[in-house]
Amino acid sequence: MKQRAKPLLQDNQAAQSKPRRRRDPAQPNLPFDPMPDRVEPCLAMLKPTVPSGPDWAFEIKSDGYRLAIHIEPKGVRIITRGGHDWTHRFPAIADAAGKLGVGTAILDGEAVVLNDEGHSDFGALQRSLGGRGGKRESTESVLFAFDLLYFDGHDLTGTELAVRRHLLEDLLEGAGTTIRLSEEVGGDGGDLLENARSLGLEGIIAKRRDSTYRSGRNGDWLKIKCIQSESFIVVGYERSASARSGLGSLLLAACRGTDWVSVGAVGTGFKEKDAVNLKSTLDKLRTKMPAVPLKGKNLVFAQPTLIAEIEFRGWTDDGSLRHASYKGLREVQDNAAIFDMSDR
């Protein structure tokens, strides 16, 4: 029996897209629409509740790097959300994309590293890339593809999601394990969210079935999280006499308009090696002028440059993160959005 790529899927919850007949790659493939160099990604809007009704399709939310895979006659390009070429960072995904048997295509998806339970692990992904600013190739990453923006010379961004999903599933049939379909999950959205929570997953994504592909956050895609995880700017650290690394916690800030505002600190989630590297990097960014007003004897302030992905359980009354845990640093090329306090 074929093992499901995601543990949330049950035997009676198969992907709803039906396979289409695979095109013969030997047939002429004349381009009708020019292939774009880049498509600004459609982004999911954070919502506290799951939408209901047959107009919505649901998928598991992955925790990795958003990538666009450009398959062209001259080769494969892998582009980050910020528009940077990362083909060299994901050679296995590029190689698998080149073997899909299609002349031209743009796949939208998320590169992840899976843990032993089959869940995406952002920290493991970062380590596979050598950490922030690292030069390592991630050979263990897989791509969960969830959209098809361009196919065989046709621009599909103006086509409804249901049709794009049909074509994507056909394209990925028999593709192997490096590029996998982010499967649509049947059932009630509320039940799916609770099931995802019980399995320790980050959340689910809801998409309008009849929506075209529109760049930015427009409400066609929604993300509903089991565990809150957001990106915050690191504005310094607190020294520790007991920790071997000398780093006790990271000082974090969010944005409010054009200003930074403190959201507290995080002192758990990083291994000793992570802490050593963080302290070394932050020491190179030291400044006497804190980005946010903070006082304390053991505080070291840094220029607001590093972006950290933080998992947390809520907010205190004074606007600090509750039960925060460090997951890893975001790359500048990832174009991660720093949390805006107006979204609370």
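Modeller: Buried means under 20% relative accessible area, and exposed means over 50%. Partly exposed lies in between. Keep those cut-offs at hand. This model is predicted.

Biologist: Then start with confidence. What is the mean pLDDT of the protein, and what share of its residues reach 70 or more?

Modeller: The mean pLDDT is 87. Of the residues, 89% reach 70 or more. Residues 1-7 fall below 50, and beyond near neighbours in sequence this stretch has 17 contacts in the model. Residues 9-21 are also below 50, and that stretch has 33 such contacts.

Biologist: Now the overall build. How many helices and strands does the protein have?

Modeller: The secondary structure comes to five helices and 18 strands. The protein has 344 residues, and 52% of them count as buried. Among contacts with a separation of 6 or more, 69% are between residues 24 or more positions apart.

Biologist: Show me one residue in its setting. Which strand holds Ile 71?

Modeller: Ile 71 is found in strand S3.

Biologist: Is Ile 71 buried or exposed?

Modeller: Apply the cut-off. Ile 71 has a relative accessible area of 4%, so Ile 71 is buried.

Biologist: What is Ile 71 in contact with, leaving aside neighbours within four places in sequence?

Modeller: The contacts of Ile 71 include Met 35, Val 76, Ala 97, Leu 100 and Val 102. Gly 103, Thr 104, Ala 105 and Leu 107 are also in contact with Ile 71. For a distance to check, take Gly 98. Ile 71 and Gly 98 are 27 residues apart in sequence and 6.8 Å apart in space, C-alpha to C-alpha.

Biologist: Next, salt bridges. How many does a search of the whole structure find?

Modeller: The search finds 17 salt bridges. Read each one in two steps: the distance, then the accessibility of both partners. Take Lys 99 and Asp 95. Their side chains meet in a salt bridge at 3.1 Å, N to O. Lys 99 has 64% relative accessibility, so Lys 99 counts as exposed. Asp 95 has 43%, so Asp 95 counts as partly exposed.

Biologist: Which residue meets Asp 147 in a salt bridge?

Modeller: Arg 164 does, with 2.7 Å from N to O. The pair links distant parts of the chain. Asp 147 is in strand S6, residues 142-151, and Arg 164 is in helix H3, residues 161-172. The two residues are 17 residues apart. Both Asp 147 and Arg 164 are buried.

Biologist: Where in the secondary structure do Arg 330 and Glu 309 sit?

Modeller: Their side chains meet in a salt bridge at 3.2 Å, N to O. Arg 330 sits in strand S18, residues 325-330, and Glu 309 in strand S15, residues 307-312. That pair also links distant parts of the chain, 21 residues apart.

Biologist: Why does Glu 309 count as buried?

Modeller: Glu 309 counts as buried because its relative accessibility is 4%. Arg 330 counts as buried because its value is 9%. Some salt bridges share partners. They join Lys 61, Glu 202, Lys 225 and Glu 230 into one network.

Biologist: On to empty space. How do you read it?

Modeller: Rolling a probe the size of a water molecule over the atoms shows where empty space is left. Here the largest pocket holds about 1100 Å³ of space. Its lining counts 45 residues, and the closest to the centre are Ala 44, Lys 61, Arg 217, Lys 223 and Lys 225.

Biologist: How does the lining of the largest pocket divide by class?

Modeller: The lining has 19 nonpolar, six polar and 20 charged residues.

Key: Residues are numbered from 1 along each chain as its sequence is written. This is a predicted model: local features need pLDDT of at least 70, side-chain atom pairs count only at pLDDT 80 or more; totals for chains, interfaces and linings use all residues. Side-chain values use heavy atoms; hydrogens and water are left out. pLDDT is the predictor's confidence in each residue, from 0 to 100. Contact means heavy atoms within 4.5 Å. A salt bridge is a side-chain nitrogen of Lys or Arg within 4 Å of a carboxyl oxygen of Asp or Glu. Buried means under 20% relative accessible area, exposed over 50%, partly exposed in between (1.4 Å probe, protein chains only). Helices (H or I, at least four residues) and strands (E, at least two) are DSSP runs, numbered from the N terminus. On a 1 Å grid over the protein atoms alone, a cavity is a set of points where a 1.4 Å probe fits but cannot get out, and a pocket is an open set with protein on both sides within 12 Å along at least five of seven lines; lining residues have an atom within 4 Å of a point. Grid points are joined across faces, edges and corners, and a volume is the space filled by probe spheres set on the points. Ala, Val, Leu, Ile, Met, Phe, Trp, Tyr, Cys and Pro count as nonpolar, Asp, Glu, Lys and Arg as charged, and the others, Gly among them, as polar.
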